[in-house]
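Please look over the sequence and the model before reading on.

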Amino acid sequence: MHPSLAETKQAVFWVDQLDTRTKEPVSLIGSGEADLVIIGGGFTGLWTALLASEANPGRKIFILESETVGYGASSRNGGFCDASITHGIENGMSHWPEEMPTLLRLGRENLNGIAETIRRHNIGCDVEATGEMAVAVEQWQVDQLLESANLARSLGESVEFLDSHAVKEQVHSPTYLAGLWNRDSTLMLDPGKLVKGLQDAVTSLGVTIFENSPVADLEKSGNKILVSTKSGKVSADRVVVATNAFNPVLRKMRRYVIPVYDHVLVSEPLSGSQLESLNWLNRQGVGDSGNQFHYYRLTKENRILWGGYDAHYHFGSRMGPEVESNDQTCGMLAEHFFETFPQLEGLSFTHKWSGPIGTTTRFSCSWGSSHNGQVSWAVGYTGLGVGASRFGAQVALDLVDGIDTERTELEMVRKTPFPFPPEPFRWLGVQITSSMMKRSDRNEGRRGLWLKLLDRFGIGFDS
Ligand SMILES: Cc1cc2nc3c(=O)[nH]c(=O)nc-3n(C[C@H](O)[C@H](O)[C@H](O)COP(=O)(O)OP(=O)(O)OC[C@H]3O[C@@H](n4cnc5c(N)ncnc54)[C@H](O)[C@@H]3O)c2cc1C
């Protein structure tokens, strides 16, 4: 085991540091009625509840959550709240080139909406408007960053390309060869506190949250939808499914989203001299640029969160605590950390965890409807859903309320992603694609035949 991991506990830092809850969770028992039932209490579910109740304060809204609010990816992520609703500009351009100017504008409006809501509801989630800096750690990635800079500028984005000297001025790492900093695309925040703040906000607006209430079934009953858990039933006019990577209650959704586990470490707080050795004065979120990439950031109390690189899919879309700890991946993450910041040798990690990323073959949200349009869903943001989940929620509401908007006209919304094949081809396809991505990283980013073939069909595997 890497020495920095000797005392590390398996726990989500963001949840561990929250004040312990004062109220016992309430489960759904017996029968009830609601105008809108939301299945899943992560960011998508919470934003759906907030947007729906702010637009229509009289609406009776229930959230049914199988564990506790924020149990899924929403409390376990890196806290990069990005304006992109397309998992980055390149990915957006590869799928919806004509729509990209609109998607970029909608993404900005969405990020502004998040910031405005945080202010209006007084949600203390340690927002820092630092932007995000992509760094190149191999020569081929420098060329890639230059291309990204040109593409972003051609779409009106303001980005700064930093050469080797300038990027090292921003953050001291001997591994950096170049950087691309978008100062206003990303808010860095504490996702655990954002979950808690949104939960409080929706509760204050009259939304009822039932926890420990996994939904087992949805069925049409007259002109209503009957939503069933083990111990209760709700008769609802409308239902939004916001279950992301988890086994969806609707069979129809299962082909489009798979769970991929991503691992994260958080260090002890840095001392004054350790912090000085980094010169990370602008505190921007950082991500390196390979197919397998790390993302990292400072927390409010100057710990470093360090995650990514190795994402795991388990046969049969298996999920749960038994697949959540992985010493080998954590050891590798720790090694990479000290290669990036050798000056921090001796630092320890206090927390490690993993979480399920709901990924689609197009790496961004997928929507759909069923039950004559009375049920809609929004799932599959891949690794960029902290910000995009509000947009996903808004579209799911438009769909379930039958309202035509600029959003519902988008090809991104109307077109479903290329489906994943059934097992065992699903698992095999993911394994082959992952190993080809590793090979591409070793071969200066050259994409072999397999990846080129997937590119041609606009599909792939990412975290
Ligand atoms: C390790 C990690 C790092 C990440 N880092 C970032 C990042 O820095 N920036 C970024 O933008 N994105 C990041 N993401 C992705 C981001 O966290 C997600 O896209 C986002 O949180 C998705 O929110 P959600 O509400 O759709 O899903 P979730 O938060 O997963 O919520 C789904 C909820 O549905 C519940 N549920 C499931 N089935 C049922 C059922 N049958 N009945 C009732 N409830 C059910 C689950 O318990 C869960 O609480 C990361 C994800 C992970 C795992």
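The model is predicted. Its largest nonpolar core has 124 residues, and those with the most contacts inside it are Val37, Val239, Val240 and Ala396. Helix α10 (residues 388–401) supplies the largest share of this core, 8 residues. Leaving aside residues up to four places away in sequence, Val37 touches Phe62, Leu64, Val227, Val234, Ala236 and Val239.

Helix α9 (residues 327–340) comprises 14 residues, which at 1.5 Å a residue should span 20 Å; the end C-alpha atoms are 20 Å apart, so the two values agree. Cys330, Leu333, Ala334, His336, Phe337 and Thr340 are the buried residues of α9. Viewed down the axis of α9, they fall within an arc of 165° and therefore line one face of the helix. Asp327, Gln328, Glu335 and Glu339, on the other side of α9, are exposed.

| Strand packed against α9 | Residues |
|---|---|
| β13 | 258–267 |
| β15 | 294–298 |
| β16 | 304–308 |
| β17 | 349–359 |

An open sheet of 9 strands runs in the order β1-β17-β13-β16-β15-β14-β5-β7-β6, with mixed pairing. β1 (9–10) and β6 (160–162) are at the edges with a single partner strand each, so one side of each has no neighbour in the sheet. Strands β5 (residues 132–136) and β14 (residues 285–288) pair in the parallel sense over 4 bridges, and Val135 stands opposite Asp288 in β14. Helix α5 (residues 139–154) packs on the sheet, where α5 touches β5, β6 and β7 (178–182); the direction of α5 makes about 25° with that of β7.

How values were computed: Residues numbered from 1 in each chain as written. Predicted model: local features only at pLDDT ≥ 70, side-chain atom pairs only at ≥ 80, totals over all residues. Core = buried A, V, L, I, M, F, W, Y, C linked by C-beta atoms within 7 Å. Buried ≥ 20, exposed ≤ 12 C-beta atoms within 10 Å, placed from the backbone. Helix = DSSP H or I, 4+ residues; strand = E, 2+ residues; numbered from the N terminus. Contact = placed C-beta atoms within 7 Å. Expected span 1.5 Å × (residues − 1). Arc of directions from axis to C-beta. Pairing = 2+ DSSP bridges. Axes fitted to C-alpha atoms, helices over the stretch in contact; angles between N-to-C directions.
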